[in-house]
Amino acid sequence: MSDSSPIRVFVSHLFEKHPDYLRVFEYLESRDRFLYRNVSDPDRMPQGGKEALKDELRNQIKAAEVMVLPVSIYELNPDLVTFQMDCAGAFSIPIVGVKSFGETVIIQKIVLERVADI
């Protein structure tokens with residue numbers, strides 16, 4: 001991996017910066033020589049309803065090489081997170097689940113079945 005080709009990372013979000021979303025970036029920044037480009041944008045809430053929301057997520061996810069899923073957000077909106085996992089699967093993008101930071105959260109079976117690694 002060189003400065004000219006960082007890994008493109010989509011971190012699952014619900015169009016808000018959940019604390020576990022932010023912690024993923026704290027972790028990534030703490031890794032020596034790990035270069036990445038964040039292609040997720042929780043601040044980019046589209047106007048136009050559910051389909052516009054899904055289109056925006058598709059565009060963000062298809063730009064990624066890997067999807068990182070903070071598993072704690074699944075319970076907040078299972079439908080939207082499942083949609084994101086479906087998109088990643090459709091684009092052949094691997095999903096890496098990240099356990100909660102300091103919390104005990106039961107990882108749902110659907111998440112365990114879909115992630116490449118936790």
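In the predicted model, Phe10 has Met67 of strand β3 as its bridge partner. Val9 likewise stands opposite a residue of β3, namely Val66. These residues belong to the pairing of strand β1 (residues 7–11) with β3, in which three bridges join two strands that run parallel. On the β4 side, Met67 has Ile95 as its bridge partner. Strand β4 (residues 95–98) pairs with β3 over four bridges, again in the parallel sense. Between β3 and β4 the chain passes through helix α3 (residues 78–90), and this β-α-β crossover is right-handed.

The sheet as a whole is open and has four strands, in the order β2-β1-β3-β4, with parallel pairing. The edge positions are taken by β2 (36–38) and β4, each of which has a single partner strand, so one side of each is left without a neighbour in the sheet. From one strand to the next, the twist averages 30°. Helix α3 lies across β1, β3 and β4, and its direction is at about 160° to that of β3.

Strand β3 (residues 66–70) is largely enclosed by the rest of the structure, because five of its five residues are buried. In a regular strand, side chains alternate between the two faces of the sheet. In β3 both faces are covered: Val66, Val68 and Pro70 are buried on one side, and Met67 and Leu69 are buried on the other.

The side chains of Ser12 and Gln84 are joined by a polar contact of 2.6 Å.

Helix α2 (residues 50–62) includes Glu56. The 13 residues of α2 should span 18 Å at 1.5 Å a residue, and this agrees with the distance of 18 Å between its end C-alpha atoms. Its buried residues are Ala52, Leu53, Glu56, Leu57, Gln60 and Ile61. An α-helix has 3.6 residues a turn, so residues three or four places apart point the same way. The buried residues of α2 pack against β1 and α3.

Glu56 has a relative accessible area of 11% and is therefore buried. A polar contact of 3.2 Å links its side chain to that of Arg44. Apart from neighbours within four places in sequence, Glu56 is in contact with Phe15 and Pro46 as well as with Arg44.

Definitions and conventions. Residues are numbered from 1 along each chain as its sequence is written. This is a predicted model: local features need pLDDT of at least 70, side-chain atom pairs count only at pLDDT 80 or more; totals for chains, interfaces and linings use all residues. Side-chain values use heavy atoms; hydrogens and water are left out. Buried means under 20% relative accessible area, exposed over 50%, partly exposed in between (1.4 Å probe, protein chains only). Two strands pair if DSSP finds at least two bridges between them. A crossover is right-handed if, with the strands pointing away from the viewer, the path from the first strand over the helix to the second runs clockwise. A polar contact is a pair of N or O atoms within 3.5 Å; within protein, one must be able to donate a hydrogen and the other to accept it, and residues adjacent in sequence count only if both atoms are side-chain atoms. Contact means heavy atoms within 4.5 Å. The expected span of a helix is 1.5 Å times one less than its number of residues. Axes are lines fitted to C-alpha atoms, for helices over the stretch in contact, and angles run from 0 to 180 degrees between N-to-C directions.
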